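Biologist: Can you walk me through this one? Please put it up first.

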Amino acid sequence: MVSREYKRDSSLREKFQLLRSITNSNAESETSIIMDASKYIKKLKQKVEKINNETTSEQYDTTDPMVTVETLEKGFMIKVMSGKNEAGLLVCVLEAFEYLGLEVVEARVSCMDSFSLHAIGSSHNDDGQSMDAEAVKQAVVVAVRTWSDSHDPKG
């Protein structure tokens with residue numbers, strides 16, 4: 001007759017092997033398998049967040065550009081998206097960056113049918129004051145709205 005403890009240990013070993021195979025872990029110890037599983041879960045969360053962000057950006061209102069700003073180690077990731085591309089929007093956003101004292105370190109822009117800007121901006125404030133992501137977002141949003149109001153065919 002097999003003891004309960006042996007069955008429990010056997011079941012636990014099977015579950016660790018299953019976890020190891022699901023997470024593509026090469027670890028042998030249970031602790032290492034759990035650490036690998038934790039890393040795997042974090043990667044999955046990042047993938048889900050990225051997919052959710054992409055889905056959200058595809059559902060934005062085409063009449064009002066969407067602006068998001070994330071804080072990076074040395075600067076900001078600024079995204080501006082609009083369902084329509086109109087002349088001058090890129091210049092307006094870049095002028096807002098200049099006003100804020102942001103230097104564009106890297107940028108990807110698409111201006112075919114719609115407008116999409118993904119830029120990394122680095123702040124070079126000599127006065128020692130740091131900028132926060134919300135302030136950057138508000139400045140870009142105000143600039144885009146001002147531009148949008150001046151190009152509104154109704155007004």
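Modeller: Some terms to begin: helices (H or I, at least four residues) and strands (E, at least two) are DSSP runs, numbered from the N terminus. Two strands pair if DSSP finds at least two bridges between them. This is a predicted model: local features need pLDDT of at least 70, side-chain atom pairs count only at pLDDT 80 or more, and totals for chains, interfaces and linings use all residues. Residues are numbered from 1 along each chain as its sequence is written, and side-chain values use heavy atoms, leaving out hydrogens and water.

Biologist: OK, what joins β1 to β2?

Modeller: A hairpin, through two residues. β1 (residues 66-72) and β2 (residues 75-82) run antiparallel, with seven bridges between them.

Biologist: Which residue in β2 is opposite valine 69?

Modeller: Isoleucine 78.

Biologist: And the largest nonpolar core, how many residues has it?

Modeller: 23 residues. Such a core is a set of buried Ala, Val, Leu, Ile, Met, Phe, Trp, Tyr and Cys residues joined through side-chain atoms within 4.5 Å. Buried means under 20% relative accessible area, exposed over 50%, partly exposed in between (1.4 Å probe, protein chains only). Ile78 and Val136 are among those with the most contacts inside this core.

Biologist: Which element gives the most to this core?

Modeller: α4, with seven residues.

Biologist: What does valine 136 touch?

Modeller: Val69, Phe76, Ile78, Leu100, Leu102 and Met131 (heavy atoms within 4.5 Å), not counting residues up to four places away in sequence.

Biologist: Switching to cysteines: is cysteine 92 buried or exposed?

Modeller: Buried, because its relative accessibility is 9%. Cysteine 111 is partly exposed, at 32%.
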